[in-house]
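Here's a quick briefing to read alongside the model. Have a look at the fold first, then work through the notes below.

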Amino acid sequence: MGRWLKPDVYPLIGAMAFVTSLCTFQLTRNVFMNPDVRVNKNHRQSAVLENAVEGEKYSQHAFRRFLATQRPEVFPALNRFFAGPATVARSDRHD
């Protein structure tokens, strides 16, 4: 086994395990929670499901609501550091 599994491959295995777990999570979430997926026979019989409330609940989940309150920056402290005090002072002025 040591011949096939070298230490150089560990980061690749870790990255692939992470990506596989993300895909598994998303597929599981879609199968069990997506209102457009019809696993139950009763839901499959109707052509169009009238479930706007359920669809809104599915699309506007807690993580998306949290992100809506955040500023769209990856590293805000780093951005402020490189912008410098002149940029911050200039943006705070109301001309």
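A salt bridge here is a side-chain nitrogen of Lys or Arg within 4 Å of a carboxyl oxygen of Asp or Glu. By that rule, the count comes to 1 salt bridge. Keep in mind that this is a predicted model, where local features need pLDDT of at least 70, side-chain atom pairs count only at pLDDT 80 or more, and totals for chains, interfaces and linings use all residues. Residues are numbered from 1 along each chain as its sequence is written, and side-chain values use heavy atoms, with hydrogens and water left out.

**Overall picture**
- The chain has 5 helices and 0 strands, with helices (H or I, at least four residues) and strands (E, at least two) taken as DSSP runs numbered from the N terminus.
- Read along the sequence, that gives the pattern α-α-α-α-α.
- Of the 95 residues in the chain, buried ones make up 6%; buried means under 20% relative accessible area, exposed over 50%, and partly exposed in between (1.4 Å probe, protein chains only).

**Confidence**
- The chain averages a pLDDT of 79, and 79% of the residues score at least 70; pLDDT is the predictor's confidence in each residue, from 0 to 100.
- Where pLDDT is low, the predicted coordinates should not be read in detail.

**The annotated span**
- UniProt lists residues 12-32 as "transmembrane region" in an unreviewed entry; its positions are given in the numbering used here, feature names are shortened, and annotations may be inferred rather than shown by experiment.
- In the model, residues 12-32 are 100% helix and 0% strand, and the end C-alpha atoms of the span lie 30 Å apart.

- Arginine 29 is found in helix α1 (residues 10-33), and it counts as buried because its relative accessibility is 16%.
- Leaving aside neighbours within four places in sequence, arginine 29 is in contact (heavy atoms within 4.5 Å) with Asn34, Tyr58 and His61.
- Asparagine 34 sits in the loop between α1 and α2, and with a relative accessible area of 18% this residue is buried too.
- Not counting residues up to four places away in sequence, asparagine 34 touches Arg29 and Tyr58.

**Side-chain pairs**
- Arginine 71 forms a salt bridge with glutamate 73, with the closest N and O atoms 3.8 Å apart.
- Arginine 71 is exposed, at a relative accessible area of 59%, while glutamate 73 counts as partly exposed at 28%.
- The structure holds 1 aromatic pair, and since the ring centres of phenylalanine 81 and phenylalanine 82 are 5.1 Å apart with planes at 75 degrees, the pair is edge-to-face.
- For that call, rings of Phe, Tyr and Trp (its six-membered ring) pair if their centres lie within 6.5 Å; planes under 30 degrees apart count as stacked, over 60 as edge-to-face and the rest as tilted.
- Phenylalanine 81 is exposed at 61% relative accessibility, and phenylalanine 82 is exposed at 64%.
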